[in-house]
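This briefing is meant for a reader who is meeting the structure for the first time.

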Amino acid sequence: MLLNKNTREQLNDLFYIIRLQDRYGNASLDKKVKIEQVLAFLEIMHADIKKISKKKKLVFIDSAAGNCYLSFLIYFFYQKIDERDIEIHCVDINERLMAENRELAKRMNFDRMHFHANDISQFTFDGKVDAVYSLHACDTATDKTMHLAIRNNARFIFSVACCQHSITMRSKTFKSVIRHKAFRDKTIMMISDSLRAMLLELMGFKVSIFDFVSSRFTEKNTMLRATRTDFRKTFDIADEYKKVSEEFKMKPYLEELLKEELQWVE
C-alpha cells in the first residue's frame, strides 16, 4: 500500500488514537503484530471491494469487533485514501468496548461508524450489506458472523477464526495423529473451517481459504474469504460435508444456525 507523507502521518495519528502505538510511532511487539494483521486484512479485502463502483456507498459489518482496530483502519482507508462513501457497523457483546470505541470515533469525526452492543445472532440490519468480516472472532462467534452475512445477503465474507473451544473432534482413522495436542489443535482449526466453507458453498458462496499473514505473526493466520454467487452446487458438497463431519465427529455451530435452510442435515 503506497502512502504519501501526509497520509502516513495521518495513519500514525490513527494508530496513536486507537492505542496501537505511542505518539512517537513506537509499539509493543503485540501491537506491532496487530498492525501487521489489520494492514494485511485490509489489503486482501480491498482486492475484492475495489470491484464495487465508487458511485456506490459501501456498507460493512464488523462482527465480534472488540477493540475495532480493523474497522478504524478500514474506515480511514476508504474515507481518506480511496475517498469513498462508507458506513461501518461494529457489533460486539461488550458494552464497555463499544462505548469506548464510539467516543474514539467521535474524536476522529468518523461519523458513519456505528457501534452496537449486541450478541451477533441478535443483531439486525435493514439495508444492503457489501461485506461482513471478523478478525479473530472466538469460538461460535465465527459461525454467527457467517450466519449474519447469509441473513443479510452480504456480497463478501472475510473471516479469521480464533479459538474453537466448543468444537470437539474424534476420529478412528486418524487416532494416532490427533492424539498429539499440537496436531489435534491444528486439525480442529483445519476441519472446522473446511466444514464452514462447504456450508457456505451450499448457500451459494465461492470460498477460498489461505494464510493471510505469516505464522510468525500469529498461529491464527488462516482467512476464509467467501463471495456470493447464488449458484448452489448441493449434491457433491453435501455428500462430502457428511463424510468429513462423520469421520471427525465434528459439527460447526453454523450447521445448527442453518438447519432450516439445509434440510438434508439430520
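In this predicted model, the structure holds one cavity of 30 Å³ or more, and the largest cavity has a volume of about 40 Å³. Among the open spaces, the largest pocket has a volume of about 520 Å³, while the second largest pocket comes to about 220 Å³.

**The cavity**

- The residues that line the largest cavity are Ile18, Arg19, Asn67, Tyr69, Phe72, Asn101 and Leu104, and by class this lining is made of four nonpolar, two polar and one charged residues.
- Two helices, H3 (69–81) and H4 (95–107), each supply at least two residues of the lining of the largest cavity.

**The largest pocket**

- The largest pocket, with its volume of about 520 Å³, is lined by 19 residues, of which Asp185, Lys186, Met189, Glu219 and Lys220 are the closest to its centre.
- Helix H7, which covers residues 181–202, provides the largest share of the lining of the largest pocket, namely seven residues.
- Sorted by class, the lining of the largest pocket has nine nonpolar residues, together with five polar and five charged ones.

**The second largest pocket**

- The lining of the second largest pocket consists of 15 residues, and those that lie nearest its centre are Lys34, Ala65, Asn67, Cys68 and Leu135; Asn67 is also listed in the lining of the largest cavity.
- Helix H2 (29–49), strand E1 (58–63), helix H3 and strand E4 (131–137) each supply at least two residues of the lining of the second largest pocket, and E4 gives the most, with three residues.
- By class, the lining of the second largest pocket has nine nonpolar, four polar and two charged residues.

**A nonpolar patch on the surface**

- On the surface, Phe174, Val177 and Phe183 form a nonpolar patch, and together they have about 260 Å² of accessible area.

**A mostly covered helix**

- Helix H5, made of residues 141–151, is mostly covered, with 10 of its 11 residues buried.
- The buried residues of H5 are Ala141, Thr142, Asp143, Lys144, Thr145, Met146, His147, Leu148, Ala149 and Ile150, and for Lys144 the relative accessible area is 16%.
- Just after H5, Asn153 takes a positive phi of about 55°.

**Salt bridges**

- Arg225 and Asp48 meet through their side chains in a salt bridge, with an N to O distance of 4.0 Å. Because Arg225 lies in strand E7 (residues 222–228) and Asp48 in helix H2, this pair ties together parts that are 177 residues apart in sequence.
- Arg225 is partly exposed, at a relative accessible area of 24%, whereas Asp48 counts as buried, at 8% relative accessibility.
- Asp48 and Arg225 are also linked with Lys51 in a network of salt bridges.
- The side chains of Asp85 and Arg112 meet in a salt bridge with an N to O distance of 2.0 Å. Asp85 lies in the loop between H3 and strand E2 (86–92), and Arg112 in the loop between H4 and strand E3 (113–117), so the pair ties together parts that are 27 residues apart in sequence.
- Asp85 is partly exposed, with a relative accessible area of 34%, and Arg112 is partly exposed as well, with a relative accessible area of 38%.
- Lys144 forms a salt bridge with Asp119, in which the closest N and O atoms are 3.1 Å apart. Since Lys144 lies in helix H5 and Asp119 in the loop between E3 and E4, this pair ties together parts that are 25 residues apart in sequence.

Note on methods:
Residues are numbered from 1 along each chain as its sequence is written. This is a predicted model: local features need pLDDT of at least 70, side-chain atom pairs count only at pLDDT 80 or more; totals for chains, interfaces and linings use all residues. Side-chain values use heavy atoms; hydrogens and water are left out. On a 1 Å grid over the protein atoms alone, a cavity is a set of points where a 1.4 Å probe fits but cannot get out, and a pocket is an open set with protein on both sides within 12 Å along at least five of seven lines; lining residues have an atom within 4 Å of a point. Grid points are joined across faces, edges and corners, and a volume is the space filled by probe spheres set on the points. Helices (H or I, at least four residues) and strands (E, at least two) are DSSP runs, numbered from the N terminus. Ala, Val, Leu, Ile, Met, Phe, Trp, Tyr, Cys and Pro count as nonpolar, Asp, Glu, Lys and Arg as charged, and the others, Gly among them, as polar. Patches are made of residues with over 30% relative accessible area and no salt bridge: like charges are joined within 9 Å, nonpolar side chains (Val, Leu, Ile, Met, Phe, Trp, Tyr) within 5 Å. Accessible areas come from the Shrake-Rupley method with a 1.4 Å probe; for residues, only the protein chains shown count as cover. Buried means under 20% relative accessible area, exposed over 50%, partly exposed in between (1.4 Å probe, protein chains only).
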